[in-house]
Every structure is written in C-alpha cells, then in structure tokens.
Amino acid sequence: MALSLSGESIAFFVLSMMAIGGGIMMINSTRVVHMVLALAFSLLSIAGIYVLLHAEFLAVVQVLIYTGAISILMLFGIMLTKHKVDEEDGWSGRLGHSLLSFLGVGALFAIVMGVIYRTPFAGKVAATKSFTVEALGKSVFKQYVIPFELTSILLLVALVGAVILAKKEADS
Amino acid sequence: MPVTSYLALGAVLFSIGLYGVLTKRNAVLVLFSIELMLNAANINLVAFSKYGLYANQTGQVFTLFTITIAAAEAAVGIAILFALYRNRNTTNADEFDSMKG
C-alpha cells in the first residue's frame, strides 16, 4: 500500500485521529459531561469523514442529528439523573473485569483487522459525480419509499413510547 | 485512499464502543458507547457506497435509515433510563438486577 500524501489522505488522517481521540477521551474521562463533549467531538469528526466519502447530505444529517439532537438528549439524560463523581473510577476494584473486557475486545479487533487487510477488495471507485442530493432523494422516495414510510411509523411509535415511559406515573 | 483505511477506522471506533459497553457501570455511558458503535457501522456503509464492485448511492440510503433508527433508539433508551431512575434512584447498570432468576 503506497502511502501517497494527497490532500484526501491528510484530511482522512486528521479526521480519523480526531474521531478515535474523541472516543478514547470518552472512555477515559472521569466526569460525565466531559464524556458527552468528547462523544460530540468524535461524531463531528465522523461527519467530516462522510464529506471525504462524497456523502455531503449525510454529513449535514450527522451534524444535525448526532452532534445536535442526540448530544443534547444525552446531556438532559445526565442532568436529570444523579451521578456520583467517584463512581466512574474505572480501574480500581474491577480490574479483573476491565482486563477481561480489554482482552476480549482486543481479540475481536485483531480478528476484524486481520480479515480487513487480508480480503482482496475490488479497487473500483464509484462515479461520485452522480452522488447528488437529488439522486439520493429520488432513491429514497421511489425505490425505498416503503421502508421510508415504515420508518415514519417507527418514529411515531418511538415518540409515543418515549413520552409514556418518561412521564410521571399516576399515584395509585 | 483505499477502502481498508475507512474499514479500519470503523473497526477501531467499534472496538472503543464495545469496550465502553462492557466496562462502564453508568447506564447513560453505555448508551453513549452504543451510539459510537452504530456510527462505526455507518462509516462502513458509506465507505462501501464509494468503493467496491457495485458501489452506488444505496449505501447512503441505508445510512440514513440507520441514523433514524439510532435516534429513535436513543430517545426510547433515555426514557427507559428515566423510568428506572425514578423507581430505583440510581443509573448504575449493576443494580438493575430485579429480573435476575
């Protein structure tokens, strides 16, 4: 694999380092609010990755839904529940559990990376000139219109279910 | 850029998320880690919409649906967490063991 230093590879390197760094900061941070900020940073970097892959609409959706809506939802989830600061001390007390998890995840990661680098992928690149928002909309509203409508029903059910679950129960 | 770089990024993010799910005790943080894992899967879908034998925009459509489902999942997850917190007064995932046999 020849490492050509094009603009795309530099941008990919920087963005992937930001995404992975945000993820690691989320795992290692001790305060819950810092974890939300690190996760939002990581998700924002993934939006940049989408731009590199010629998925501009998805990048905007990622910023709106993930770094906007879901981060704020998680912040509400943190603020409305109580957290002890010394609760997330990570390594002390549960060293065996953490070590076992680390070994398991490391083994899975090694297997996946081995598979990725051994598989001969076809080196073809799609005609990214045709990757427009118009084509995406036509694809969603013509070929995938039934899944789209089912998604709207699912969102309605999730909305009603979330309201019913989270609302205060009547005193009985 | 070869497609393997994007797949490797997805694998790294998935592993970080999986480690978070396995080790964090706070249920909110488990939800965060699940979001990270879903995003890692989305990166793979979008990568294969650009690279591959039959690469086309369908991968982006799939990712749109995944993002929608993930948003619904996060909302319902937080709602369940609120209900649990109201009943048990904790978000510690270790203490939610009332269904243990």
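**Exercise 1. Is A:Ser16 buried or exposed?**

Solution. A:Ser16 has 5% relative accessibility, so A:Ser16 counts as buried. The cut-offs are these: buried is under 20% relative accessible area, exposed is over 50%, and partly exposed lies in between (1.4 Å probe, protein chains only). Helices here are DSSP runs (H or I, at least four residues), numbered from the N terminus. Last, list its neighbours. Leaving out residues up to four places away in sequence, A:Ser16 touches A:Ile49 and B:Leu9. Contact means heavy atoms within 4.5 Å.

A note on the source: this is a predicted model, in which local features need pLDDT of at least 70 and side-chain atom pairs count only at pLDDT 80 or more, while totals for chains, interfaces and linings use all residues. Residues are numbered from 1 along each chain as its sequence is written, chains are lettered from A and ligands numbered from 1 in the order in which they are written, and side-chain values use heavy atoms, with hydrogens and water left out.

**Exercise 2. Find the salt bridges. How many are there over all chains?**

Solution. The search of the whole structure gives 2 salt bridges over all chains. A salt bridge is a side-chain nitrogen of Lys or Arg within 4 Å of a carboxyl oxygen of Asp or Glu.

- Step 1. The side chains of A:Glu8 and B:Lys50 form a salt bridge at 3.6 Å, N to O. A:Glu8 belongs to helix α1 of chain A and B:Lys50 to helix α2 of chain B, so this pair joins two chains. A:Glu8 is partly exposed at 24% relative accessibility. B:Lys50 is buried at 5%.
- Step 2. A:Glu134 and A:Lys138 form a salt bridge at 3.5 Å, N to O. They stand 4 residues apart in helix α5 (residues 133-143) of chain A, which means about one helical turn separates them. A:Glu134 is exposed, at 55% relative accessible area. A:Lys138 is partly exposed, at 46%.

**Exercise 3. Describe how α2(B) and α3(B) pack. What is the angle between them?**

Solution. Two packed helices are described by the angle between their axes and the distance between the axes. Helix α2 (residues 27-50) and helix α3 (residues 58-88) of chain B pack at about 175°, with axes 9 Å apart. Therefore α2(B) and α3(B) are roughly antiparallel to each other. Residues in this contact include B:Leu31, B:Leu38 and B:Leu45 of α2(B), and B:Phe62, B:Ala70 and B:Ile78 of α3(B).

**Exercise 4. Which residues make the nonpolar surface patch of about 530 Å²?**

Solution. The patch is made by A:Leu5, A:Ile10, A:Phe13, A:Val14 and A:Met17. Take A:Ile10 as one of them: A:Ile10 lies in helix α1 (residues 7-28) of chain A. A:Ile10 is partly exposed, at 43% relative accessibility.

**Exercise 5. Where is A:His54 found, and what is its phi?**

Solution. A:His54 is in the loop between α2 (32-52) and α3 (56-79) of chain A. Its phi is near 60°, a positive value in a residue other than glycine. Most residues other than glycine have a negative phi. A:His54 is partly exposed, with a relative accessible area of 27%.

**Exercise 6. How many residues apart in sequence are A:Ser152 and A:Tyr50?**

Solution. A:Ser152 and A:Tyr50 are 102 residues apart in sequence. In space they are 24 Å apart, C-alpha to C-alpha. A:Ser152 is in helix α6 (residues 145-166) of chain A. A:Ser152 is partly exposed, at 36% relative accessible area.

Key: Patch = residues over 30% accessible without salt bridge, like charges linked within 9 Å, V, L, I, M, F, W, Y side chains within 5 Å. Areas by Shrake-Rupley, 256 points an atom, 1.4 Å probe, with all protein chains shown as cover. Axes fitted to C-alpha atoms, helices over the stretch in contact; angles between N-to-C directions. Parallel < 35°, antiparallel > 145°, perpendicular 65-115°, else oblique.
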